[in-house]
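Look over the model first.

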Amino acid sequence: MKRDRNIQSPRHRESAVKPKKALGQHFLTDESVAARIAATLDPWQGLPVLEVGPGMGVLTKYLLAAGHDVKVAEIDSESIEYLRYHFPDLHGRILDADFLKLDLAALYGEGQKFCVIGNYPYNISSQIFFHILEYKDQVTACSGMLQREVAERLAAPEGTKARGILSVLLQAWYDVRYLFTVSENVFNPPPKVKSGVIIMTRNDVTSLGCDERLFKTVVKTTFGQRRKTIRNSVRGLFPAGVPLPDSPLLAMRPEQLSVAQFIELTQLCESLRG
């Protein structure tokens, strides 16, 4: 009888998963680092946890050992077979799914709070955090490892060059902290850059006090022309000929503004457009 190529042999499931460049896989080999990352969710012990891209489960096993109610989302079929073989406790909780396409509200139920964690693929890390923002009212905490440059950007305060679109959009709803740096030498294969671990904790903001869609537009527009002053970058948001007020915010550049100042700028835009 002809063997189905999609069915992995038990021997294959026992062997290590081969990292795939197309999926941006760099498997963490340092157990102590994995334990430190998993421990970032200790304060939220009672909440369900969704792990993104578990690979061979180096982080998963510490989450399970800590007693977390874990689901994992993985798109690599080889990794899924490995997890099914080595982690019987995950039976029924391994999602063969692209995290970026997951309806997290449907997965956990509308209103259910949960946490997200992962050793995030570098090539889609920004997209992952934009997706998490869509469920900000349910994602209570999010932690994990990503490229150091991106991790620093997410946590960057106003007045720093690293500050960008995601810095402001995330910090409007989360307290973001950069925790520690991870050497490139503790991965298989080693990436060309260092990694950084962050933790995001949902703040108590329930409303920005402005049009949230316009807020996103203002943030993206200003950082899209970050070398210009705000006055010049936002002109395209208004009908031709509308005079802009003499506000000190308009003389600044986007990386200089706090979240509160971006909200003030959005309110200014609302009044002028109205």
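Predicted model: local features only at pLDDT ≥ 70, side-chain atom pairs only at ≥ 80, totals over all residues.

Residues are numbered from 1 along each chain as its sequence is written, and side-chain values use heavy atoms, without hydrogens and water.

**Largest pocket**
- The largest pocket holds about 610 Å³ of space. (A pocket is an open set of points on a 1 Å grid where a 1.4 Å probe fits, with protein on both sides within 12 Å along at least five of seven lines; lining residues have an atom within 4 Å of a point.)
- Its lining counts 36 residues, and Gln25, Gly53, Glu74, Asn119 and Pro121 lie nearest the centre.
- Strands S1 (27-28), S2 (49-52) and S3 (70-74) each give at least two lining residues. (Strands are DSSP E runs of at least two residues; helices are H or I runs of at least four.)
- The lining has 20 nonpolar, 11 polar and five charged residues.

**Second largest pocket**
- The volume of the second largest pocket is about 230 Å³.
- Residues lining the second largest pocket include Phe130, Trp173 and Lys220.
- H9 (212-224) gives the largest share of this lining, four residues.
- The lining has six nonpolar, no polar and five charged residues.

**H9 and H11**
- The axes of H9 and H11 (residues 259-273) come within 9 Å and cross at roughly 105 degrees.
- H9 is therefore roughly perpendicular to H11 (65 to 115 degrees).
- The contact (heavy atoms within 4.5 Å) divides into 10 nonpolar, two polar and two charged residues.

Key. Points joined across faces, edges and corners; volume = space filled by probe spheres on them. Nonpolar A, V, L, I, M, F, W, Y, C, P; charged D, E, K, R; others polar. Axes fitted to C-alpha atoms, helices over the stretch in contact; angles between N-to-C directions. Parallel < 35°, antiparallel > 145°, perpendicular 65-115°, else oblique.
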